[in-house]
Amino acid sequence: MSDIADTSTSVLRTRGLCKRYGQGESLVRAVDDVDLDVAAGETVAVMGPSGCGKSTLLHLLGGLDRPSDGEVWLGERRIDQSGEKALARMRRTAVGFVFQAFHLMDELTAVENVELPALLARRSPRAARHRATELLEQVGLADRAGFLPAALSGGQRQRVAVARALSNDPLVVFADEPTGNLDSAATLEVLRLFESLHEAGQTLVVVTHDSRIAATADRLISMRDGAFVDETRLTGGTLRQLGSLAGFEG
Amino acid sequence: MGRVLLVARLAVRDLRRRPGEAALLLLAIVGTTATLTLGLVLRGLTSDPYQSTREATAGPDVVAVGWPPSADPHAPGGRDPGTLARLEALTDAAGVVGHSGPFPVTAAVIEVRGRRVDAQAMGRDTVPAAVDQPELTRGGWVENGGVVFEAAFAEALGVDVGDAITVNGGSFRVVGVAVTAALAPYPQQTCLTSFCPSDPGGLVWVTRADAQRLATDDEPVMSVLNLKLDDPAAARRFVDTHLDRRFEPGGMSWQDILDHADRRLRHQRRALLIGSWLLAVLAVASVAVLVGGRMADQTRRVGLLKAVGGTPSLAAAVLLVEYAVVALLAAMAGVATGSLTAPLVTDPGAGLVGGMGVPAITASTIGLVTATALGVTVAATLVPAIRASRTSTVLALVDSARPPRRTPWLITLSARLPVPLLLGLRIAARRPRRIVLNTLSIFVTVSGIVAVLGAHINAGQLDLDRPGIERLNQVLLVITITLVALAAVNAIFITWATALDARHSTALARALGATPHEISAGLSTAQVPSALVGAILGIPGGLGLLAAVGAPNPPLWQLLVVVPGTVLTMAALTTIPARQGARRPVAETLQSELI
């Protein structure tokens, strides 16, 4: 099979994607025969109950984990058969991650955290710092650039994490329960940020069980027992409407 | 009682959960306790074979040496032409119950198989003497033209009964090999002749007539008198009273001879004791790193223990008991290993007769070794155990990493470096105490290596195969191998602990695009600065040890090779745990904080 995609409309595409653990009676199908196409600039939300395989799916899509079966295409390249080194290069340049637990380096300041992916991608320290400063301005944290994560609120930490995810201008940003550890006010901060990313044409795949986040997406996929059980195309899912819905704004 | 049982059960279960780590810990402490046991049981061991030799040879309590009469007032002893008469008069001194001699002694040069060595030739009667009759181990006693070699001297030269040799140019035949208690075994022998080079040479016995023939104008014949006292314990006082110590040699008691005979073992004992303390330092580092590393892995277990009602003291007690059990086992194994190994090290050699017997394992030896093992363990375990027990239960349950240190200048500097160096320096900077431990470990090891290099140089400068020096070098070599092995274990522990502790940050770095190779190289690189500093500091440390024992320094090139060699070895050793650490599943590690 060729490693070059036959269609160019999708930024991200899976076919028959499976992830299984164990065997025999203890076999668990964490992801079960998933087909997915994500277009450039699209925001896709994946919802489902805890343990349904959302995070595992995200890890497979982002090359953090390897599938048991199936194909994953990112851009024009098939990544499910790539070696560790190639996957690392892909993560460095083509994807960005936002985690529920933020996963910021505690000993690095906000700007140092944001510039880290650029340094790993061997950009010059000056260019990396410049880009990190720009991104912190973009997420509204220019005045917190020198703060350690411990001195930032939950929402601010997650905004730093989003800025970090954008450091190398990725094709796709994967967000795993990005508001899972946040209170309502912080959730709103992140929602606004995602909305702006959406408007800027950034491709986003968000795993969540928060309907407020899901409502900002172009498409909502429901997942249960590792498989997609429903798919809804949302129109006009904006932060303002969501905010009203959630009672954040008047 | 129930609490004690619970603590013991939890501790044993945890040890069984990680048998590999427990075994490594055990090995690290056994290395220390075995060496310490060896050093302790060597104390006083020489007296047994020396006493056996004294009994077998009717050894003298005092050996007196008289100068020949001389008209030259500047010659040693020449101020008193009656020296010989005074020497003979000693046989009638109070407390003397027996004697042999005076026997003539002169310096000689022996040539055997193309080698020329200094020796002291003593003229003896062909009939047995009442005091100091050397015990033959091979061949027969002196005869005209026939030489009997002191056993250790014969072994060093490789001569045996029947060999043809020349003494001061004259042809002789080796007729026997014997031991004596009147002089310490070669090479620790005292000079009995008028001219004493730094190395007086070994002792041979010839007939009185041959001894007189061997004498030259430059090498006059000295006289040696062996005395037996009614109170052997008073031998030193007898020497002080009746012999002139100002002119060497004047006389010596059997206790002085024992001191000489004991010198070889004293060096070995000193080397072993120094080595055991060096090993103890390394063992502390090993245990500290291992315990620290395990703590990073055990945080959640402590959290669970506390969540189900365990108090912080219970959690700390479990951890302390766990390692104390290992320490006690290691102490027992160390005492057994040390006592079994001691006869190999303390073989009395050819110069003395009688076995060393079973090394005495006293209660104080066992107590000291056990206390050291427990002390090492408690010292290394206490802080992490208390820290773990005081960790917030909630944080412990989510297995959150201990907050790392921030070193701003290093973060700025590392941003300009290649990715492996960037990661390595940042990982190293997160745990400065671990760097100190690694530095200490390398420092101690390199000090030991430098000391052994110097000791080998010392042996190389001597023109004979000296069993004592060789044995000392063997002991030093064994200590160094143990040091290196323990340092290697430490390097692996430290890298493993670093990989474990940095699992979240390295998983995150991989999620952000760092390759496993870069992570692995980074984890290895994290150990390099401390290895470099430790190796550099170890050079003066080793030279200090050499100065303390009076051995020469190794050549500069060897010292220069030690530093890069150590760093490269460290980098190689850290590869395995670093590679394992770099290949932990990223998603699993990052998810663990959410479980």
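A: **The open sheet of chain A**

In this predicted model, chain A holds an open sheet of six strands with mixed pairing, in the order 6-7-8-3-9-10, where strands are DSSP runs (E, at least two residues) and helices likewise (H or I, at least four residues), numbered from the N terminus, and two strands pair if DSSP finds at least two bridges between them. At the edges lie strand 6 (95–98) and strand 10 (227–233) of chain A, each of which pairs on one side only. From one strand to the next, the twist averages 20 degrees, with axes taken as lines fitted to C-alpha atoms (for helices over the stretch in contact) and angles running from 0 to 180 degrees between N-to-C directions.

Within the sheet, strand 3 (residues 43–47) of chain A runs parallel to strand 9 (residues 219–224) of chain A, and four bridges join them. Here A:Met47 stands opposite A:Ser222, which belongs to strand 9 of chain A. Helix 5 (residues 154–165) of chain A packs on the sheet, where it touches strand 6 and strand 7 (172–176) of chain A, a contact being heavy atoms within 4.5 Å; the direction of helix 5 makes about 170 degrees with that of strand 6 of chain A.

Residues are numbered from 1 along each chain as its sequence is written, while chains are lettered from A and ligands numbered from 1 in the order in which they are written. Because the model is predicted, local features need pLDDT of at least 70 and side-chain atom pairs count only at pLDDT 80 or more, whereas totals for chains, interfaces and linings use all residues, and side-chain values use heavy atoms, with hydrogens and water left out.
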